[in-house]
Amino acid sequence: MSPPIYMDSHSTTPVDPRVMEEMLPYFGARFGNASSLDHSYGHEASEAVEGARGRVAGLVGARPEEIVFTGGATESNNIALAGCMDRYSKKGDHLITCATEHKAVLETARWLEGAGKRVTYLPVDMNGEIDLEGLEAAITDRTVMVSIMAANNEIGTISDLEAIGELAHKREVLFHTDAAQAVGHIPIDVNKMNVDLMSMSAHKMYGPKGTGALYVRGIMPRVHVSPMVHGGGQERNMRSGSLNVPGIVGFGIAAKIAKSEMDGEAKRLGSYRSQMLERLIDSAGATLNADPRNVLPHNLNVRFEGIEAKAIINSVSDTVAISASSACTTQSVDASHVLLAIGLSEQQAHSSVRIGLGKFNVDGDSVIVVDAITKAVQNLMCVMG
């Protein structure tokens, strides 16, 4: 049997073979520690890390020295929020975020509340977008940071980072964005978008798992972050520990590939996505859980009224791999906090599936997937009677 067609690219992506090829030597002959500069092994590793740093920076319009490598976007989010709220505690104790953020931001925010900080969770409209006037009204003279994700990991809604960042800067507040789902898929420019800190993840853009980065603005303003991991002072003293050289090399190559191929892939996958949505509406009565004009090109989050998403997913599991929600909460029986926040009922949330197309999907995949989902929905409706 052939493996199921993979359409869960918001949870992870397969490593691009070109990325794997570049990584392999750093597991073997080029095994040096990038911090051990007394010999050629360390120099070789350090040069590889700095090359990758430049490639990641180039993808998002940053300077290489503004890229701090981490173990992933979850760690980057934790460092950004906890590190800045600690470092700027004399300025204030208030953080503003959003109800539909990834758990890595929401749980860090709740931890900060337990440590005595104040957090405002902004609501969203039916498309998952915040109200800019509501954001401005929430900012006080004690606000340290605004943290709003670049693109939602469930419904794909893209935030107006430029407007949010401009507003934050006007009020002299730092702006952080969790861009794990956006970087490598849509254009991101940290300067044009007024971003001060940005979290990224390699495995969301065809790089390896366990590798991420945090962009930390170096000028106008120079952002300071208290270290959350203490030790040897690596990565500008923000994230100590020996660097994952193979993973970082892979991240760099993935960034280089994304920069050159992103526009073409967005157009190709956006076309597949539109075709799938049209057919799922016509053949299976699907309803889109977002504004189709403002979502990631490879995201499709739809609901089938009265049909349990898990039942659909199980029915098509031999044909296609899709999910019901964020991979970080997939074991939970609770309805998606994102879908509830945009106004869906618990039943509607439990009737929603997330389809994440990827660059290894080919012509014909979308037809097979739509046919499988349609058949599953029709069979389940018959069973329900």
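View 1. With a relative accessibility of 55%, lysine 375 counts as exposed, where exposed means over 50% relative accessible area, buried means under 20%, and partly exposed is in between (1.4 Å probe, protein chains only). From lysine 375 to alanine 80 it's 45 Å, C-alpha to C-alpha, and 295 residues along the sequence. Bear in mind that this is a predicted model: local features need pLDDT of at least 70, side-chain atom pairs count only at pLDDT 80 or more, and totals for chains, interfaces and linings use all residues. Residues are numbered from 1 along each chain as its sequence is written, and side-chain values use heavy atoms, with hydrogens and water left out.

**View 2. Threonine 100 is tucked into a loop.** Look for threonine 100 in the loop between strand S3 (94-98) and helix H4 (103-114). It counts as buried because its relative accessibility is 3%. Leaving aside residues up to four places away in sequence, threonine 100 touches Val124, Gly128, Met149, Asn152, His337, Val338 and Ala341; a contact means heavy atoms within 4.5 Å.

**View 3. A seven-stranded open sheet has mixed pairing.** Read across the sheet and the strand order is S2-S8-S7-S6-S5-S3-S4. Two strands pair if DSSP finds at least two bridges between them. Strand S2 (67-70) and strand S4 (118-122) are the edge strands, each pairing on one side only. On average, neighbouring strands of this sheet are turned by 20 degrees against each other, direction ignored; axes are lines fitted to C-alpha atoms, for helices over the stretch in contact, and angles run from 0 to 180 degrees between N-to-C directions. Helix H2 packs on the sheet, touching S2 and strand S7 (197-201), and its direction makes about 115 degrees with that of S2. Zoom in on S3 and strand S5 (residues 143-147), and you'll find them paired in the parallel sense over three bridges. Histidine 94 has threonine 143 in S5 as its bridge partner.

View 4. The order here is S9-S10-S12, and the pairing is antiparallel. Strand S9 (287-288) and strand S12 (352-356) are the edges, each pairing on one side only. S9 meets strand S10 (residues 299-303) over two bridges, and leucine 288 has valine 302 in S10 as its bridge partner. Helix H7 (residues 245-284) lies across S9, S10 and S12, running at about 10 degrees to S10.

**View 5. Glutamate 235 and arginine 53 join up in a salt bridge.** Their side chains meet at 2.9 Å, N to O; a salt bridge is a side-chain nitrogen of Lys or Arg within 4 Å of a carboxyl oxygen of Asp or Glu. This pair links distant parts of the chain, 182 residues apart: glutamate 235 is in the loop between strand S8 (212-216) and H7, while arginine 53 is in helix H2 (residues 40-60). Glutamate 235 is buried, at a relative accessible area of 10%, and arginine 53 counts as buried too, at 8% relative accessibility. A search of the whole structure turns up 20 salt bridges.

**View 6. Here are two further salt bridges and a network.** Aspartate 291 pairs with arginine 293, their closest N and O atoms being 3.0 Å apart. Aspartate 291 counts as buried at 12% relative accessibility, whereas arginine 293 is exposed, with a relative accessible area of 75%. Glutamate 305 and arginine 303 meet in a salt bridge at 2.8 Å, N to O. In that pair, glutamate 305 counts as partly exposed at 44% relative accessibility, while arginine 303 is buried at a relative accessible area of 12%. As for the network, salt bridges link Asp16, Arg18, Glu261 and Lys359.

Terms used. Helices (H or I, at least four residues) and strands (E, at least two) are DSSP runs, numbered from the N terminus.
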